[in-house]
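Biologist: Could you walk me through this structure slowly, and explain each term as we go?
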Amino acid sequence: MQAIRSILVVLEPNQPEGLALKRATLIANATQSELHLLVCDTQRNHDVFLDDLALSLREEGHTVSTRQDWQETTYQTIIAAQQAEGCGLVIKQHYPDNPLKKALLTPDDWKLLRYCPCPVLLVKTDRPWTGGKVLAAVDVGNDEPEHRSLHANIVCHAHDIAHLAKGELHVLSAHPAPLLTAADPSFQLSETIAARYREACQSFQDEYGLGSHQLHIAEGPADLLIPQMALQLDAAVTVIGSVARSGLSGALIGNTAEVVLDTLQSDVLVLKPDDICDQLEKLTATE
């Protein structure tokens, strides 16, 4: 998070609350990042709106640029702007999708999460970050190198957010139910599974000085446990990861991230492994 130098903020002139911009200015104040404001529209001219907003932000000490554009879709417009400006973070307000429409068509925000080569923060609530709790959700049961790197990145970003917001970091890892037929005896009892997952999280506790109350190891499906824990903690932000599962042509985000997006009652920061981001960068550059 501290390495971010430019932030793309997706604005909607018909939504005066400006939740995405509020989050962007909070992060920019802490990281000294430039703000790039984007309106995705070609039907109406929004120069006055953008110019007034940019002037106000510059008076507050921010470095600001503005852009109005439209590609074939909203997510393609956002990614084109992110690439053009070299932004290290995209911030957009998320609105719940109609269940019927979601069953028939892939939501635009899902596509943004799938194809955007940088982290995406989807803002869902007006709950202040300051003094709040930040939940990092990891799957330490998967010890493949790209997953381990992603887990470390998730906790690092969550720690940075907690630091800049003067909040408290919490880490959650869901583990599977015991299986009596498991070849490894440690996976035959809930207690031994939980102990193994807790041990895998020890490095996070050591690096960030987490107390026992900040580490949550729970049995059950992650897509249910993550929203439950976020609600229990009243988390302001939840940080989760995604890994492409079927090649870059699909660039499929993990099912967990898609499922929890609408059920989480917090802002959501979604990260990908560095190698996936690099491949998406190359894919975007060839289009």
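Modeller: Let me start with burial: a residue is called buried under 20% relative accessible area, exposed over 50%, and partly exposed in between, using a 1.4 Å probe and protein chains only. By that rule, 49% of the 287 residues of the protein count as buried. This is a predicted model, in which local features need pLDDT of at least 70 and side-chain atom pairs count only at pLDDT 80 or more, while totals for chains, interfaces and linings use all residues. Residues are numbered from 1 along each chain as its sequence is written, and side-chain values use heavy atoms, with hydrogens and water left out.

Biologist: How many helices and strands does the protein have?
Modeller: The protein comes to 11 helices and 10 strands, where helices (H or I, at least four residues) and strands (E, at least two) are DSSP runs numbered from the N terminus.

Biologist: And what share of the contacts is between residues 24 or more positions apart?
Modeller: Taking a contact to mean heavy atoms within 4.5 Å, residues 24 or more positions apart account for 75% of the contacts in the protein with a separation of 6 or more.

Biologist: Okay, aromatics next. Which residues form the aromatic pair?
Modeller: The structure holds one aromatic pair. It is formed by Tyr75 and Tyr115, which are stacked, at 5.7 Å centre to centre and with 25° between the planes. For the term itself, rings of Phe, Tyr and Trp (its six-membered ring) pair if their centres lie within 6.5 Å, and planes under 30 degrees apart count as stacked, over 60 as edge-to-face and the rest as tilted.

Biologist: Where do those two tyrosines sit in the chain?
Modeller: Tyr75 is in helix α3 (residues 74–85) and Tyr115 is in helix α5 (residues 108–115), so the pair links distant parts of the chain, 40 residues apart. Tyr75 is buried, with a relative accessible area of 14%, whereas Tyr115 is partly exposed, at 22%.

Biologist: How do α3 and α5 cross?
Modeller: The axes of α3 and α5 come within 8 Å and cross at roughly 35°; axes here are lines fitted to C-alpha atoms, for helices over the stretch in contact, and angles run from 0 to 180 degrees between N-to-C directions. In this contact, Thr74, Tyr75, Ile78 and Ile79 in α3 meet Asp108, Lys111, Leu112 and Tyr115 in α5. These residues divide into five nonpolar, one polar and two charged, if Ala, Val, Leu, Ile, Met, Phe, Trp, Tyr, Cys and Pro count as nonpolar, Asp, Glu, Lys and Arg as charged, and the others, Gly among them, as polar.

Biologist: Switching topic: is His94 buried or exposed?
Modeller: His94 counts as buried, at 3% relative accessibility, and it lies in the loop between β4 (89–93) and α4 (99–104).

Biologist: Last one: which residue has a phi near 60°?
Modeller: That is Gln32, whose phi is positive although the residue is other than glycine. Gln32 lies in the loop between α1 (19–31) and β2 (34–40) and is exposed, with a relative accessible area of 65%. Lys166, which is not a glycine either, has a positive phi of about 55°; its place is in the loop between α6 (145–164) and β7 (168–175), and it is exposed at 69% relative accessible area.
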